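The following exercises ask for a careful reading of one structure, and each task is followed by a solution worked in steps.

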Amino acid sequence: MVAGGGGPPVRAGGTAPGGGRPLIVTEDPLLLDDLLRLCAAAGAEPHVHHAVPEHGGAGAQAAGWETAPLVLVGDDAARRVRGAPRRDGVYLVGRDLGDPSVWRRAVEIGAQAVLRLPDAEGALVDRIADVAEGAGRPALAVGVIGGSGGAGASTLACALALRAAKGGERTILIDADPLGGGMDVLLGGESAEGLRWPDFAASRGRVGAGALEESLPELHALRVLSWDRGERVVVPPAAMRSVVAAARRRGGVVVVDLPRRVDEAVAEVLAQLDLVLLVVPGGLRSVAAAGRVAAGVRMVARDVRVVVRGRCPDGLDAEAVAGLLGAPLAGEVPVEVGLPGRVAEGEPPGARGMLARFCDGFWQRALGSVQGVPA
């Protein structure tokens, strides 16, 4: 059964311009050197012009003003582009922007923001890299967390990712629980080639979305970021933030298997999720435990919903469980008696059966365009 409570999850962010070459407009050689260096760091090759010729005419298009996905105007060039057509994605950039009149110049050229170097270098590299990678709408990011021990959160996360991939979505499954045994194991790919979490532990700045995806093991048409069999169980919060952001950048679906304890690193993940599914067995003790987990998750997550697993004894039903937890009901997942045996034999969770049907129904509502895959 799939409940419709609370409506479908809402994607964060909007649509960014398509991929292409940014336009730099400046005659300041030092500023140009800085902007070219930042473009190189972001993997972008810009067009460079000293001004925008023939404002509003064919010359403006030839210079790339109207077609470039991103325009970086040096403070020295603000006067020369004052009459150019208004458009999104224009930034006024300089080193000495302490003059209050800089804001007037920014308004005159329709700049989206004023960026002062070197302070804004990190943000500017991110924005240029989005253009270079053709970043569009970010992936719909769904986290799954158990309300109590043995709730089946990892099984549901794995099944959701599998069904999204079978529905044609670009899918990345992220194992954020270092003590969970490994999502690659659950998918039968513990020996598959590719990077694991310890390989990303030193990440601090931007992680390339394409490079991340290509580096991960591919299992059942989806990419999986899991743990190796080593002793490392901690990934710094900055690395968590960078990796999850990279996973979302190219669209599709990202599913994250979350640990029940919300520490600083997990908070970085929760902050980037569109929706968190709290998996709760129907018993009163499980509901009580889930209440404590939910309290921690709600401190960061924007949207938390309940998935009730199995039957509800003690006079409860699924709606009552969700009501006790103060969250909308996302649905009910029946317990499949033969599922553990099939998984032990190498069949991934969600390959068929009631769990597969639940996941297909969830993605149909959440994504709209994803068609259920017959089980």
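**Exercise 1.** Classify V234 as buried, partly exposed or exposed, and place V234 in the chain.

*Solution.* V234 has a relative accessibility of 53% and therefore counts as exposed, given that exposed means over 50% relative accessible area, buried under 20% and partly exposed in between, with a 1.4 Å probe and protein chains only. In the chain, V234 belongs to the loop between β9 (222–225) and α8 (237–248), where helices (H or I, at least four residues) and strands (E, at least two) are DSSP runs numbered from the N terminus. Together with L179 and V233, V234 makes a nonpolar surface patch of about 310 Å². Such patches take residues with over 30% relative accessible area and no salt bridge, joining nonpolar side chains (Val, Leu, Ile, Met, Phe, Trp, Tyr) within 5 Å and like charges within 9 Å; areas come from the Shrake-Rupley method with a 1.4 Å probe, and for residues only the protein chains shown count as cover.

The model is a predicted one, in which local features need pLDDT of at least 70 and side-chain atom pairs count only at pLDDT 80 or more, while totals for chains, interfaces and linings use all residues. Residues are numbered from 1 along each chain as its sequence is written, and side-chain values use heavy atoms, with hydrogens and water left out.

**Exercise 2.** Give the strand order of the open sheet of 5 strands, and explain which strands stand at its edges.

*Solution.* The order is β2-β1-β3-β4-β5, with parallel pairing, two strands being paired if DSSP finds at least two bridges between them. The edges are taken by β2 (47–49) and β5 (113–116), because each has a single partner strand, which leaves one side of each without a neighbour in the sheet. From one strand to the next the twist averages 25 degrees. Within this sheet, β1 (residues 23–25) and β3 (residues 71–74) pair in the parallel sense over 3 bridges, and I24 has L72 in β3 as its bridge partner. Helix α1 (residues 29–42) lies across β1, β2, β3 and β4 (90–94), running at about 170 degrees to β1; axes are lines fitted to C-alpha atoms, for helices over the stretch in contact (heavy atoms within 4.5 Å), and angles run from 0 to 180 degrees between N-to-C directions.

**Exercise 3.** Describe the salt bridge between D34 and R37, and state how the two residues are placed in helix α1.

*Solution.* The closest N and O atoms of D34 and R37 are 3.4 Å apart, and a salt bridge requires a side-chain nitrogen of Lys or Arg within 4 Å of a carboxyl oxygen of Asp or Glu. Because D34 and R37 are 3 residues apart in helix α1, about one helical turn separates them. D34 is buried at a relative accessible area of 10%, whereas R37, at 40%, is partly exposed. Both residues belong to a network of salt bridges that also links R95 and E121.

**Exercise 4.** Where does G89 lie, and is G89 buried or exposed?

*Solution.* G89 lies in the loop between β3 and β4. Its relative accessibility is 6%, so G89 counts as buried. Leaving aside neighbours within four places in sequence, G89 is in contact with L70, V71 and Q112. As a further step, the C-alpha atoms of G89 and A111 are 7.5 Å apart in space, although the residues are 22 apart in sequence.
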